[in-house]
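This report looks at strand pairing, the nonpolar cores and the surroundings of the ligand. Please keep the sequence and the structure in view while reading.

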Amino acid sequence: MRVNENILISSLTTMRLGGPARYVIEIERPEELPEAYGFAATYHLPTFVLGYGANTIGHDEGFPGAIIISRMKGIHETPTPDGIQLKVMSGEYWDDVVAYATSKGLTGIEGLSLIPGLAGAAPVQNIGAYGQEISDTLESIDVYDTATHSFTTLTASDLHFGYRQSILNTTESGRYFVISITLNLKHGQMPRPLYRSIEKYLSEHSITDFSPASIRDVVIAIRRSKLPDPLTEASAGSFFKNIFLDETATEACEAKGYPVHRTTDGGKLNSGWLIEQAGLAGQLIHGIRVSPKASLVLINESATSYTDLATARDEIISKVYDTYGFWLEQEPVELVAHLASPSASSAPSPSTSSSTPPTPPTGATK
Ligand SMILES: Cc1cc2nc3c(=O)[nH]c(=O)nc-3n(C[C@H](O)[C@H](O)[C@H](O)COP(=O)(O)OP(=O)(O)OC[C@H]3O[C@@H](n4cnc5c(N)ncnc54)[C@H](O)[C@@H]3O)c2cc1C
């Protein structure tokens, strides 16, 4: 375990905003988790689990507690009758996992290529793209439960997956630290017809190889043509969620000619289209650029504070609401506190004075 002090959240998140975090604790083995949470509980420090920071927004005032990050690595294979089960440690970079799986001819996550982030965050908002979601292949996750101070396993059905959600970012937000994820992947190919933009790319480029590795290449090419690279452009990907409509609202939107994608019980309205139609695509608002190529994406071009981002966000939401009557919902998480509950074991001795600076846990480096 490594403990670092006073690290700027802007350096840990792809939107590149946010003041200093008091502690950043990097976890290299599951056994270190009780000690890390014990340390936070003893000194009443709020905690926040961070991955790559691609879906998290830091606040200007920073974070007065401990940010805990998984650095646990490893991919373990178990053969199954029709494929391979992969157990992936949460600190693995997600796209490396997709590259690994597709190189073995495994289907199930090739559509999720190039999504920035760590494997441990993938089930949190049930990452999805090009017709696949991680919930399609996720078997279970191994977690540290900060409420009971124990290690346990949650199955996919325990997680109550939905569109960009699971219990990990709703009812049980902040409770579980994901240690590893287990995926059931199969030998084979994605069923056709594939997602519309993939089919279009295949036919335009006369590609007849539908193997997972080939579809991965196509997804990467499509994404690179329209989405910012977090290494060179600051963003958190899609800043707003798409809108799910019931049957009546779907019919009303269809009657007005809005592009609604039919689902089993209604439809999905593309929020990016609403932003575009409201005349906001390409606009620079308080240093935040509404991407001209993908209007759901906000790029931090010259914003210097969270306040700039929040002001731009609110102006976009108001403009879309005033024009179309739909209220956009933010997708990225805000880096705010979860108070660690006291643990019976593993915590350093409590300090008698709240003004005494906490001592980092054993084995820490600064
Ligand atoms: C350019 C760009 C494109 C993107 N495209 C997509 C896309 O196509 N589809 C999509 O779904 N998302 C997309 N995203 C969003 C983002 O990549 C995903 O949400 C990704 O899973 C975030 O991973 P992370 O490690 O950066 O998570 P973080 O932002 O660090 O954390 C996100 C949430 O997960 C929690 N968390 C992280 N690690 C753990 C853990 N080990 N245990 C428990 N909780 C944890 C955090 O507390 C937080 O609530 C995109 C983002 C960018 C910047």
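## Basis and terms

Two strands are said to pair if DSSP finds at least two bridges between them, and the helices (H or I, at least four residues) and strands (E, at least two) are themselves DSSP runs, numbered from the N terminus. The model is predicted, so that local features need pLDDT of at least 70 and side-chain atom pairs count only at pLDDT 80 or more, while totals for chains, interfaces and linings use all residues. Residues are numbered from 1 along each chain as its sequence is written.

## Strand pairing

Strand S11 (residues 138–145) pairs with S13 in the antiparallel sense over seven bridges, and within this pairing Asp145 stands opposite Tyr176 in S13. S11 also runs antiparallel to strand S12 (residues 150–155), to which six bridges join it; here Val143 stands opposite Thr152 in S12. Four residues lie between S11 and S12 in the hairpin that they form, and His149 in the turn has a positive phi of about 55°.

An open sheet of four strands, with antiparallel pairing, has the order S14-S20-S19-S18. Its edge strands, each pairing on one side only, are S14 and strand S18 (284–285). Two bridges connect S18 with strand S19 (residues 288–290) in the antiparallel sense, and Ile285 stands opposite Ile288 in S19.

## Domains and nonpolar cores

An automatic or database domain assignment supplies the domain bounds, and the chain is divided into domain 1 (75–164 + 175–224) and domain 2 (240–330). The centres of domain 1 and domain 2, taken over C-alpha atoms, are separated by 27 Å.

A nonpolar core is a set of buried Ala, Val, Leu, Ile, Met, Phe, Trp, Tyr and Cys residues joined through C-beta atoms within 7 Å; a residue is buried if 20 or more other C-beta atoms lie within 10 Å of its own, exposed if 12 or fewer, and partly exposed in between, with C-beta atoms placed from the backbone. The largest nonpolar core has 86 residues, of which Ile25, Ile27, Ala36, Ile67, Ile68, Phe177 and Ile181 touch the most other members. S13 gives the largest share of this core, seven residues. Because domain 1 and domain 2 both give residues to this core, it lies between them. A second, separate core of five residues includes Leu194, Ile198, Ile215 and Val219.

## Buried elements

Leu185 has its place in strand S13 and counts as buried, because it has 24 C-beta neighbours inside 10 Å. Contact is taken as C-beta atoms, placed from the backbone, within 7 Å; not counting residues up to four places away in sequence, Leu185 touches residues including Gly83, Ile84, Leu86 and Thr137.

Helix H1 (residues 33–42) is mostly covered, since nine of its ten residues are buried, among them Leu33, Glu35 and Phe39. The cover over the buried residues of H1 includes strand S2 (20–27), S3, strand S5 (63–70), S11 and S13. After H1 comes His44, whose phi is positive, near 55°.

## The ligand shell

A residue is near a molecule if its C-beta atom, placed from the backbone, lies within 6 Å of it. Around the ligand there are 35 residues, of which Gly51, Ala54, Gly117, Gly120 and Gly237 come nearest. Strand S3 (46–50), strand S9 (128–129), strand S13 (176–187) and strand S14 (234–238) each supply at least two residues of this shell.

With Ala, Val, Leu, Ile, Met, Phe, Trp, Tyr, Cys and Pro counted as nonpolar, Asp, Glu, Lys and Arg as charged, and the others, Gly among them, as polar, the shell divides into 21 nonpolar, 14 polar and no charged residues.

Terms used:
Contact = placed C-beta atoms within 7 Å.
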